[in-house]
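Colleague: Could you take one part of this model and go through it closely, strand by strand, with whatever packs against it?

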Amino acid sequence: MGGRPTKSTYKTQPGGWLTTRTPEENQEPSSETLGTKETAALPPRNVKNNKRSLYTLEPGYPTPGPPPNNLPGILSVTDFTMPNTVAKEVTADSCNTMEELVDELTGHFNMDILKVRAIFMWVGTQPFTVQEYPADADPESPTGYLRRMALGKMSYAEIFTVMCRLAKVPCVMIPGVAKSSAYEVGDDNVDRLRNVWNAVYVAGGWRIVFLLWAFRSIAGKSTGVVPFADPTSDDYKNQERILKEKIISTVKEYYFLTSPEEFIYRCLPAEEKWQMSAKKFTKAKFIKVPYLRPKFFELNLQLSSAPEGVLTTDNGVSEVVLKYGAGPVALIHDLLYNERQSKQKLPPGVQLPRYCVIINEGDKVRFSMRFPFTGSDT
């Protein structure tokens with residue numbers, strides 16, 4: 001077995017590499033990423049709208065801060081059927097201007113949350129990655145905007161901000177760094193993970209919307225070290241060939257009005273005020289915390305063991321303890337050996353699943369691990 005274990009490290013990703021999955025999710029396609037991951041966005045550009053930056057607060061906008069009310073409660077009593085339907089029916093070529101488009105999408109609603117939902121669904125479901133748009137399209141028309149997106153000259157966040165502001169809903173683009181598919185737990189160079197998302201003011205508070213992650217996912221990622229660009233960027237085809245992945249279209253509701261308290265584990269805004277969370281993260285803390293994916297929060301799990309993404313074992317022994325929120329959930333683990341970081345191959349005959357025991361203890365589940373030799377496990 002390689003002798004008595006000494007100190008080694010492993011990485012834990014609740015909802016990620018140390019996977020929290022419900023039984024019905026076990027039917028996901030088997031791949032090296034165990035499912036799908038998000039793409040990175042184009043780096044922010046100096047976009048102007050009516051001579052004002054889309055990255056700054058407009059006069060009269062509320063001051064950023066933690067949302068004052070319970071968003072799950074609001075969402076549970078909000079019917080999005082109508083805005084979802086309207087978003088499907090309105091086409092870009094049916095409107096000559098962006099003002100006309102926004103009016104078609106939002107004119108039926110008197111609640112900002114419904115207006116934002118219609119814009120969110122319309123932007124996210126446009127086929128700009130596969131459709132060709134006329135070169136002579138008016139750049140200020142809806143078709144012109146989509147052509148710019150297809151050419152990689154405009155991002156989801158930009159067009160969403162423009163449309164929300166035309167609908168008289170406060171909206172800002174938020175630059176920062178995001179733990180996307182290019183991220184590996186323990187990476188300390190997060191500056192390369194530049195990204196951009198939105199803050200929108202609805203239901204009495206600023207909320208987070210991340211259209212790119214809501215509508216684009218990567219399936220079949222073969223490595224966790226090669227960065228993956230936005231599907232509209234120039235190097236998209238080259239990276240797609242390298243990673244042997246494919247982009248899939250989906251709707252991840254989690255990234256529509258996401259809780260800032262949860263979002264901060266994945267995305268760190270450049271300005272602290274846009275964390276909008278009672279727990280402030282420095283870059284050092286952002287690098288150190290566990291990589292908590294949406295499923296972790298959707299299952300109302302809590303981490304009871306060390307709140308760190310990288311743990312060092314003592315004599316090869318360590319554990320991760322999760323606390324159930326709304327009752328027990330069927331969880332499994334994936335214990336993987338990182339040959340590249342360990343700088344040696346896994347010895348033949350070693351069966352890693354045998355080195356992790358799952359122990360249920362009332363409202364907690366304990367993943368107790370004992371590693372057979374020095375190395376780096378994920």
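Modeller: Strands β5 and β11 run antiparallel and are joined by three bridges; two strands are called paired if DSSP finds at least two bridges between them. Strands (E, at least two residues) and helices (H or I, at least four residues) are DSSP runs, numbered from the N terminus. This is a predicted model, in which local features need pLDDT of at least 70 and side-chain atom pairs count only at pLDDT 80 or more, while totals for chains, interfaces and linings use all residues. Residues are numbered from 1 along each chain as its sequence is written, and side-chain values use heavy atoms, with hydrogens and water left out.

Ala178 has Cys267 of β11 as its bridge partner. Cys267 is buried, at a relative accessible area of 0%, where buried means under 20%, exposed means over 50% and partly exposed lies in between (1.4 Å probe, protein chains only). Cys95 is buried as well, with a relative accessible area of 6%. The count of disulfides is zero, taking a disulfide as a pair of cysteine sulfur atoms within 2.5 Å.

β5 is mostly covered, with seven of its eight residues buried. With β6, strand β5 makes an antiparallel pair over seven bridges. Pro175 stands opposite Val196 in β6.

These pairings belong to an open sheet of five strands in the order β10-β7-β6-β5-β11, paired antiparallel. Its edges are β10 (256-258) and β11 (267-269); each has a single partner strand, so one side of each has no neighbour in the sheet. Neighbouring strands are turned against each other by 50° on average, direction ignored.

Helix α4 packs on this sheet and touches β6, β7 (205-209) and β10, its direction making about 115° with that of β10. Contact here means heavy atoms within 4.5 Å. The axes are lines fitted to C-alpha atoms, for helices over the stretch in contact, and the angles run from 0 to 180 degrees between N-to-C directions. Of the 13 residues in α4, 12 are buried, among them Ile113, Arg117, Phe120 and Trp122.

Because 10 of the 11 residues of α6 (residues 156-166) are buried, the helix is largely enclosed by the rest of the structure. The buried residues of α6 include Tyr156, Glu158, Phe160, Cys164 and Arg165. Lys168 follows α6 and has a positive phi, near 65°.

The loop between β5 (171-178) and β6 (194-202) holds Asp187. A polar atom of the Asp187 side chain lies 2.9 Å from the backbone nitrogen of Glu184. The Asp187 side chain also makes a polar contact with the side chain of Arg192, at 3.0 Å. A polar contact is a pair of N or O atoms within 3.5 Å; within protein, one must be able to donate a hydrogen and the other to accept it, and residues adjacent in sequence count only if both atoms are side-chain atoms. Apart from neighbours within four places in sequence, Asp187 is in contact with Ala182, Arg192 and Ile287.

For reference, there is also an open sheet of four strands, β12-β14-β16-β15 in order, with antiparallel pairing. At its edges stand β12 (302-303) and β15, each with a single partner strand, so one side of each is left without a neighbour in the sheet. Within this sheet, β14 (residues 317-323) and β16 (residues 364-370) run antiparallel and are joined by seven bridges. Val321 faces Arg366 of β16 there. Ile358 sits in β15 (residues 356-361) and is partly exposed, with a relative accessible area of 33%. Residues up to four places away in sequence aside, Ile358 touches Leu331, Ile332, His333, Val365, Arg366 and Phe367. Leu331 is 27 residues from Ile358 along the chain, and their C-alpha atoms are separated by 8.8 Å.
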